[in-house]
Amino acid sequence: MRKFFGYLLSPLFYLSFGLSLLIFHPLQWFSHRFLGYKAHKVVVDWLNFFLTYSQLWLCNSIHFSNKYALPIDRPIIFVANHQSMFDIPTLIWFLRKHHAKFISKIELTKGIPSISINLRVGGGANIDRKDNKQAIAELVKLGRRMQKNNWSTVIFPEGTRAKDGKLKPFQFGGLATLLKAVPNALIVPIAIENSWKIVRYGSYPLTTGNAIKWTVLEPIDPTKQPPSETILKVEQQIKAKLGQ
């Protein structure tokens, strides 16, 4: 039944999602060029509000839960599992006061309305997966920006999306590199549930009636333990929340 309604409602979702990208593209360009970082960030935040709640066209619900008082005067590395591209807008919107940045493939910096311009000028890291030296240099630069501005970064250590919802083995090279550049960063795990179900049949039809959940888990202070122990604890927390 969800697949049937997906055929009917997916066009409405894609219309809403696509229009948001097209409308906010020139707003991003103008705000970045003439008004600066703060104005550009406000535009990006509201873009991701509309992208997030486009899910309502599919009758999918959005649940973001955080019971912790996270600092805004300290860099944070959010570590999350990754199930679909729809994970990202919600993280940007609900983590907006933490100035969450992302590590993206350099190929995404061209050709996508709104998204590409934000990747180029928003302060994240755009890496070439075929050039390890360039990737490490970009992460170090990101770490310096985090340190200077008290920004945060979201990392998906699985390296790719888990299309069946099952957690893939974590690869913590990116996190280890960032921790060297930002040793005072707080580590905050986030467990994402059910967003993979939206695209279980691919990009069309999308499925309906899913309860999509983002849960902030107990923060970890990496300065109080070895990096290997921090990494293991993050993975264990997310696995426990997902019941895997």
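This tour moves through the structure from its nonpolar cores to its aromatic rings and then to its charged side chains.

The model is predicted, so local features are reported at pLDDT of at least 70 and side-chain atom pairs at pLDDT 80 or more, whereas totals for chains, interfaces and linings use all residues. Residues are numbered from 1 along each chain as its sequence is written, and side-chain values use heavy atoms, with hydrogens and water left out.

**The nonpolar cores**

Begin by selecting Phe78, Leu91, Val154 and Ile190. Of the 32 residues in the largest nonpolar core, these four touch the most other members. A nonpolar core is a set of buried Ala, Val, Leu, Ile, Met, Phe, Trp, Tyr and Cys residues joined through side-chain atoms within 4.5 Å. Buried means under 20% relative accessible area, exposed means over 50%, and partly exposed lies in between (1.4 Å probe, protein chains only). Among the elements that give two or more residues to this core are helix 2 (37-53), strand 3 (100-105) and strand 6 (186-193). Helix 1 gives the most, with five residues. Helices (H or I, at least four residues) and strands (E, at least two) are DSSP runs, numbered from the N terminus.

Centre the view on Val154. Its contacts (heavy atoms within 4.5 Å) include Phe78, Leu91, Leu95 and Phe102, residues up to four places away in sequence not being counted. Another core, of 24 residues, lies apart from the largest one; Val79, Leu142, Met146 and Ile220 are among its members.

**The aromatic rings**

Next, display the rings of Phe, Tyr and Trp (for Trp, the six-membered ring). Two rings pair if their centres lie within 6.5 Å; planes under 30 degrees apart count as stacked, over 60 as edge-to-face and the rest as tilted. By this rule there are 17 aromatic pairs. One of them is Phe30 with Phe34, a tilted pair with 5.1 Å between centres and 45 degrees between planes. These two residues are four apart in helix 1 (residues 2-35), which means that about one helical turn separates them. Phe30 is partly exposed, at 44% relative accessibility.

Now select Phe64 and Phe94, a stacked pair, 4.7 Å centre to centre with 5 degrees between the planes. This pair links distant parts of the chain, 30 residues apart: Phe64 is in strand 1 (residues 61-65) and Phe94 in helix 3 (residues 87-94). Then select Phe24, Trp46, Phe49, Phe50, Tyr53 and Trp93, which form one aromatic cluster.

**Charges over rings**

From Trp93, turn to Arg96, whose charged end sits over the Trp93 ring, 3.7 Å from its centre. The criterion is NZ of Lys or CZ of Arg within 6 Å of the ring centre and within 35 degrees of the ring normal. Lys3 is likewise placed over the face of Tyr201, at 4.5 Å from the ring centre.

**The salt bridges**

A salt bridge is a side-chain nitrogen of Lys or Arg within 4 Å of a carboxyl oxygen of Asp or Glu. The whole structure contains four. Select Arg74 and Asp221, which form one at 3.1 Å, N to O. Arg74 lies in the loop between strand 1 and strand 2 (76-80), and Asp221 in the loop between strand 7 (211-216) and helix 7 (227-242), so the pair ties together parts that are 147 residues apart in sequence.

Finish with Glu138 and Lys141, whose closest N and O atoms are 3.8 Å apart. Both lie in helix 5 (residues 132-149), three residues apart. Glu138 is buried, at 16% relative accessibility, whereas Lys141 is partly exposed, at 42%.
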